[in-house]
Amino acid sequence: MNNDVVVTSERTLSNSFLGDAMQICIVTHDIYRTLEQFVRLGVGPWRIYQFDEHSVSNQTYRGAPQTHSLKLAMGWSGSTFWEVIQPLEGKSVYSDWLAKHGEGVQHIAQTCNGIPFEERIMEFERRGFRVSQSGSFQGQVRYAYIDTEDSVGFAVELMDFPEGYAMPEPEEWYPAAPPKSSA
């Protein structure tokens with residue numbers, strides 16, 4: 001942690017920098033077992049994708065190029081965006097989390113009030129935090145994990161969706177695709 005950044009009554013950091021939490025991510029050894037439990041809670045249906053070197057470019061881990069693969073599921077409960085990740089191969093913050101903590105909440109994505117992506121990263125660096133992993137899904141959606149685990153108990157994820165971006169059709173749905181609307 002950068003000891004130059006100190007919160008005092010004379011110099012305070014903005015309490016609104018993080019903005020809204022937009023996603024909560026659970027890391028698991030078994031994505032289907034975890035999804036089954038979320039469905040029991042009323043979350044879903046779930047979109048499932050495989051992320052690997054074919055769908056994610058510019059993968060980094062701890063400051064160096066590093067490919068990895070994972071199964072990723074996305075589901076909603078009201079306005080809450082849930083994500084479940086099962087690491088498959090390669091070094092990643094997800095496999096690190098499982099080895100150190102076991103299954104559970106690994107990161108929370110924050111909006112940072114719409115500040116441009118690079119400025120968010122620079123602000124975290126100014127506050128003493130570094131990027132632990134990053135990449136670009138389909139060459140369009142940039143993401144970065146900020147190494148805040150030792151200070152707040154989880155990582156912070158930053159995402160940069162281009163205007164008008166829509167997620168592609170998933171490789172599979174769990175437990176099933178939502179019913180088609182008849183408009």
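Which residue's side chain does the side chain of Glu-157 join in a polar contact of 3.5 Å? The partner is Tyr-145, a polar contact being a pair of N or O atoms within 3.5 Å, where within protein one atom must be able to donate a hydrogen and the other to accept it, and where residues adjacent in sequence count only if both atoms are side-chain atoms. The model is a predicted one, in which local features need pLDDT of at least 70 and side-chain atom pairs count only at pLDDT 80 or more, whereas totals for chains, interfaces and linings use all residues. Residues are numbered from 1 along each chain as its sequence is written, and side-chain values use heavy atoms, with hydrogens and water left out.

Glu-157 is located in strand 10 (residues 155-160); helices (H or I, at least four residues) and strands (E, at least two) are DSSP runs numbered from the N terminus. Glu-157 is buried and yet has no salt bridge, the nearest side chain of opposite charge being that of Arg-120, 9.3 Å away. Here buried means under 20% relative accessible area, exposed means over 50%, and partly exposed lies in between (1.4 Å probe, protein chains only); a salt bridge is a side-chain nitrogen of Lys or Arg within 4 Å of a carboxyl oxygen of Asp or Glu, and in assigning charge Lys and Arg count as positive and Asp and Glu as negative, while His and the chain ends are not counted. When residues up to four places away in sequence are not counted, the residues that Glu-157 touches (heavy atoms within 4.5 Å) include Gln-23, Glu-83, His-107 and Tyr-143.

Strand 3 (residues 56-61) runs antiparallel to strand 8 (residues 131-137), to which 4 bridges join it, with Ser-57 partnered by Ser-136. Strand 8 in turn pairs with strand 9 (residues 141-146) in the antiparallel sense over 6 bridges, and Val-131 has Ile-146 as its bridge partner. Strand 3 also forms a hairpin with strand 4, with 2 residues between them, and Arg-62 in the turn has a positive phi of about 50°.

The side chain of Arg-62 meets that of Asp-96 in a salt bridge (3.2 Å, N to O). This pair links distant parts of the chain, since Asp-96 is in helix 2 and Arg-62 in the loop between strand 3 and strand 4, 34 residues apart. Arg-62, Asp-96 and Asp-147 are linked in a network of salt bridges. In helix 2 (residues 93-101), Val-93, Tyr-94, Trp-97 and Leu-98 are buried. They cover an arc of only 140° around the axis, which puts them on the same side of helix 2; the arc is that of the directions from the helix axis to the C-beta atoms. The face turned away from this buried side carries the exposed residues Ala-99 and Lys-100.

A further salt bridge joins Glu-118 and Arg-142, with the closest N and O atoms 2.4 Å apart. Glu-118 lies in helix 3 (residues 117-126) and Arg-142 in strand 9, so this pair ties together parts that are 24 residues apart in sequence. Arg-142 also forms a salt bridge with Asp-160, the closest N and O atoms again being 2.4 Å apart.

Notes. Pairing = 2+ DSSP bridges.
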